[in-house]
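Hi everyone, thanks for coming. Today I'd like to walk you through one model, a piece at a time, so please have a look at it with me.

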Amino acid sequence: MAALCEGFTLCGLGPSGGGVGLGAGVLALEPGPDSDHVLLTDRGRTATLFKVSDQKPLGCWSVKHGQIITCPVVCNFETHEYIAVHDDKVLRIWKDEDVNLDKVFKATLSADVYRIHSLPHGEPLVLFKGGGVRTLDVLLEAPQQEIENFISDEVIKWSEALLEGQEPILIFATEKDGNFFIYVQKFKLNMLHKYKLEQQELSNPLSFTAYIKNQIITLLCLYSNGSVYKVLIPLQRHSEEEEQILSKSLLLKLLVSGSVLKGTSFVVLDKDHVAVLGSLTAFGEESKECLTIWNTKFQTLQTSKELPLGTSGQLWCYGEKFFFTHGKVLTVIIYKCETSSLAAAVGKLKDSQTSDVSSFINWNTLSDEELVVSLQSQQSVALKSESKMTLRSRRNSVAKAQPDTLTVGQLLLDIKDSSSAAIEDELKQLLSKAQMPDFQATIGCVITALVNRCKRDPVFYPRNFLVQLIGKRELSYSLCPDLMAVALEKKDVHLLQICLQRFPDIPEEITYTCLKVFLSISDDYLERTDVNLDSVICYIDIESNNKEVKTEIVENGFNNELEEDHCDTAFAKETHLKNDGEFCPVGPQKAALLNAVLHSAYSETFLLPHLKDLPAQQAVLFLRYLHYLYVKSSEKITTTLPGVLSPTINQIMDWMCLILDAHFTVMVMLPEAKGLLSSLHKFVRAQVRFYSELNKIEGSLQELQRLKRQKETQTYSIEVLELI
Amino acid sequence: MGEFEVHRVRFFSYVPAGVRCLAYHRRADRLALARTDGAVEVYNFAANYFQEKAIPGHEARSVEALCWAAGDRLFGAGLGGHVSEYDLERLRVKRSADGFGGPIWSMAANAGGTQLAIGCEDGSVKLFRVVPDGVQFERSLERQQGRILCLSWHPSETHIAAGSLDLLHVFDVSSGRTVQRIMVNYHVQKLKKRECVVWSIGFLSSGTVVSSDSFGRVQFWDWERGTLLESHTVSNSAVLSLAVSEKEDSIVVGTSAGATYQFQLLPVKMGSQDKHWVRTKPFQHHTHDVRAVAHSPTALISGGLDAQLVIRPLMEKMQKKGYEAALRKFTFPHRRLVSCARKARLLLFQFSQHLELWRLGSTNETGKDGEVLPVCRVPEHLVQLKSKGPEHIYCSCVSPCGSWIAYSTASRFHLYRVQYEGDSISIKKVTNVPKLLLPAYQLQCSADSSSLFVASDRGSVHMLQLLEPGGCKHLHTLRPPSGTLEAVYLLASSADGNWLAAASGDWEIHIYNLKRFKHHCTVPTYSCAVTALAIHPVTNNLVIAYSDQQLFEFGIPEKQYTAWSRTVQNCGLHKAWLERDSPITHIAFNPKKPSHILLHDVYMFCVLDKSLPLPDDSASLMNQSTLKQLPETARKRQLHAFKICKKFQPLLFADLLDENCLVMVERPLMDIKTQLPPPIQQKKFGT
């Protein structure tokens, strides 16, 4: 939940009362050299550095009369220098010690500067009004260098610098005749991409903000109709089209009990929260300005604060503090914003790490989509579905349908016959799109279409994409029933592994088939495949080939060497496994795959008949591996295996019982199983004895604890009591 | 007002005995209760549920059943094999008669209260007639196999239903023959067959017999046909007790899992004549076996082995939701079990069969409110006095100087002289104590430890002179001029040794002049039970607390209520004060601050400052925490007479040791729980 604390005044802004500036307002507020410092630039000649917690200025610099600061003063975090531009072209750089701006470093540039962006690690970036960008050091080498002009008559409305890894990225928005364009400048590659923002009827973007995550820039736009839209811009761009149109999706409608909050500026607080400063006009009342925090996940207003004295409409946020003008002062409000979930709100927050449950699927839409897929051979139907989808998107996002944006229907048709490279490109675009309301169902359709294509066309197999889709999205088996069958056919063990880990509803038959395939594939083959070893890497000794040590090791007081002597002729390849439970009987890749099987959900009744079909040799191998896991997990007091997604002791025991149940007669008859069974039996017996001893101790320990507790509650004390 | 150094004592390891049986007397609105140690108590519901009579237990006298019969006479029967009548005036067994059938498991009185039926170990049901001087054996009904665990009369007095192992019997009273035998576990599968104990039984006027058994069932039988009408399984454990309301439209049962359930006879459909018994309300007020239940017209009453008596008013029987409808729980006796030697800083704890004398610890530091001070001398267990014989202790006291200890059982009175020489302690029994009419119901030493007052029956108080080095002499016996049958149960003597106040069971308070051994006056009768008495050391005003939570101050020399007391009656006490549900059990004074009265009940300690205005209902009675937050100057306006502290709970005793030193004896319920046997293991969801 989010909360706003009581605000305090940082400084007055009026011409009187000791404030800064001449009442012309604040140009911008930028972070200062310290986390607690801010740099205030007013719309006149002055820049002031404040220490926020002390509510007092640390320094103040002014340009001469007649001059005017045109670009907010920023701090170069590397050198602790301040950079300002006055009269559009004159660059000034100074340090804390400098008093008179007339005497500090000065460079006159050849073009008008729009803004300077300073990033925590790296050179400041200078954005010119013509769209050209230079780093400060490049610019200072030759201040009079020619600056190109990309945007002839577009006007820059907003700009922001972002960091992807170490690479600075500058994004800015321009406007021309009511059209908005987004430019993304990447420095490493020196590439400038231009996008056109999808138009919105009767409404214009008022304010922008952007952040970057996983190579995707998320641009949020606040529109004059009181809505916040989300636009995703992938950093990798394949097609070099001239002007790509960015589709936007509705993130949040700023509705407060029926009336629209007319936002003027906003900031992103975390992945679920945005703060909006704006005015609220309730029906028949005067509009009042307020600062609000919204949860975008639940579309709720979390908290708000009325600002009766009015604001300038600007809002800044640095280090969990909001800064805005309120009346004639600059006010600071500290906020608290915790990540929230609906479950937390109703008190049922599960550890998000372990919750692996798929979100709900709208089955109605799904059936629609499947219908589309099955009938897509008829062009007309496909077109109909396309229009239907656009209709839906219009309904959902109030967006004007753009004929040239890619629709799902189109994609489904493309999957049918386009080249795999082209399909992949389109799929990437689809993935980068904003989250659609029925995204899951859509992805299900896409996968079904892909699988159908795979079935028809043996060469076609977009493996990476499938892995990416399943790995990222919360899908289920029922959403793409044929996928695992195809993967089994192609022996794509990695995909199967992911499916087993992700899908909550795999039929037992498929689980069994996976198990059989995993057990039958040779370790040599697996070594060349790409399998996620996370679940085994922590406990399997991959270098377990040195056989010298093994004879010395005695397991829990007994040595099963003697019984073992005659029983593993069949496993010539795994001779080093003589001591079951000591070395892993399978390679790490195979172990990881088997772990995925152990991890999947099943029902005993349905699994057991299939398990009976498992060839005896494979059953013994699997049991050997389970025995190994059992011994391994019993080593630690917590009886858990280290690592992520590693099998739990219960899973191991359940599967062991299942295998023994399914193959009981075979195991009894099979000579090579004899040693394994007897060692397993001995281990289990030792454990049972051990635990029964522990049980005895438990009683005594409990008694001790009880005694201790009794002692803790004092039977006598002398206390002071005051009665008034 | 002031800071106190509070000695917070939790080492009084008192464990109340479990409740064994209950008998509710509709007309007198009283409840008789017997505990597993044989003690019998009577609660007066009209006097705000005050425990007005308590007859201490007896090792050899277990009570398995209690009955009110022949008006207000209380009868008990137990495994000793005797039917006893209790003398509720002199608080002892009046007389008993042998049942001639071995241990008695059950007893029931007929509707007219003229006959008692007992169920014996040998399988016989015997009828006794209630005669003016006790009970008289009348006849035996046809003898059965197996002990008779429960009995119930048909309201018409023609038949008796009895429960035994696996069986129900119905007897015809006039012929004495068994007219019906019903196997209760006929329906249980052969494999599961265990013995089924019919723990409790009820006979309705419609001819329906209700039984509760060890299989957790409550069953309704048609006795004439011997058929099962309805069966409700309420618990996995046994249903131990059952009680039917007078109107026969509601039944309460108690299980060994600590739960009680109400059954109600409700129409199947709205307005339909066809009615069924429906299990309606479950309650879980107990942690252990609910051995006894009773049904008053407005409440379900249950008593458990966890020693709690729970009175759960039924909302639908209440006129309005409020104080009357609140749940009552009683765990501790409404009497004083602790006495304090203020000067010697000793505490005497009274257990059922022994006494413990403790010396309090001390500290030499001071601190602020809420601080726990370091203890420089730990408390010391000085003496344990074991009472010989099977009788339990009625009362005890230690003199203010700590050198005399007295206690009384039903037939014996003991006085000890304790001598302290440095760290060693010697105790000597005073041998030739005067022969008194026993038991003593209350013992009280005078402030100068020179005399001992012994409360006795017929309203009399004996005054003994304590003589050094270890002897005593009967000085005088004080008797009320009017004469009464009731015993004195509360005493208060004045600090100057001039006055003695004594309250007897008929709620009369007599004041005697000790200088002239003469009756001084009688406090005007108030229609409620007296719960505590004390005489102010400076003003000689008698402060009286009644069970309806009223407080009176009576000026002894002036023989009239004081002006303050009249003001209190005019203004009325605060609503929150009147709605407390446990009585004031002890009153003390601070000699340095004459306007202060110290009072306590189980849940609070209160200093009543008479110099301050009384709170009106709009003010908060418990305002200490608010006051603590206010600045000194702002407190003035908020102050009122009641300064209440609820920090110490449950409070068995509180007293003032000296000017700013208090002792509080607490008995945390958790400590009692740990002393009880583990309850039946219950599976909780998800474990």
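Another one concerns helices (H or I, at least four residues) and strands (E, at least two), which are DSSP runs numbered from the N terminus.

Now some ground rules. This is a predicted model, in which local features need pLDDT of at least 70 and side-chain atom pairs count only at pLDDT 80 or more, while totals for chains, interfaces and linings use all residues. Residues are numbered from 1 along each chain as its sequence is written, chains are lettered from A and ligands numbered from 1 in the order in which they are written, and side-chain values use heavy atoms, with hydrogens and water left out.

First, chain B as a whole. Chain B has 5 helices and 56 strands. Of its 687 residues, 60% are buried. For the next number you need contact, which means heavy atoms within 4.5 Å. Among the contacts in chain B with a separation of 6 or more, 48% come from residues 24 or more positions apart.

Let's zoom in on one strand, β48 of chain B, which covers residues 541–546. Is β48(B) covered on one face or on both faces? Both: B:Asn541, B:Val543 and B:Ala545 are buried on one side, and B:Leu542, B:Ile544 and B:Tyr546 are buried on the other.

Which strands does it pair with? Two strands pair if DSSP finds at least two bridges between them. One partner is β47(B), residues 530–535, which pairs with β48(B) in the antiparallel sense over 5 bridges. Here B:Ile535 has B:Leu542 as its bridge partner. These two strands form a hairpin with 5 residues between them, and B:Asn540 in the turn has a positive phi of about 55°.

Another partner is β49(B), residues 551–555, again antiparallel to β48(B) over 5 bridges. In this pairing B:Val543 is opposite B:Glu553. The hairpin of β48(B) and β49(B) has 4 residues between the strands, and B:Gln549 takes a positive phi near 75°.

Next, two buried residues in chain B. For these we need the polar contact: a pair of N or O atoms within 3.5 Å, where within protein one must be able to donate a hydrogen and the other to accept it, and residues adjacent in sequence count only if both atoms are side-chain atoms.

B:Ser396 sits in strand β35 of chain B, residues 395–398. Is B:Ser396 buried or exposed? It counts as buried because its relative accessible area is 4%. Its side chain makes a polar contact of 3.1 Å with the side chain of B:Gln350. Leaving aside neighbours within four places in sequence, B:Ser396 is also in contact with other residues, including B:Arg336, B:Leu355 and B:Tyr407.

B:His295 belongs to strand β26 of chain B, residues 290–295. With a relative accessible area of 9%, B:His295 is buried too. A polar contact of 2.7 Å joins its side chain to that of B:Ser250.

Finally, let's see where the chains meet. Here 37 residues of chain B are in contact with 12 residues of chain A. Buried area is the accessible area (1.4 Å probe) that two parts lose on being put together, summed over both. Between chain B and chain A, that area is about 2,300 Å², with carbon and sulfur atoms giving 58%.

How many salt bridges are there between the chains? A salt bridge is a side-chain nitrogen of Lys or Arg within 4 Å of a carboxyl oxygen of Asp or Glu, and the count between chain B and chain A is 2. One of them joins the side chains of A:Glu719 and B:Lys647, at 2.8 Å from N to O.

How values were computed
Buried < 20%, exposed > 50% of the residue type's maximum accessible area, 1.4 Å probe, protein only.
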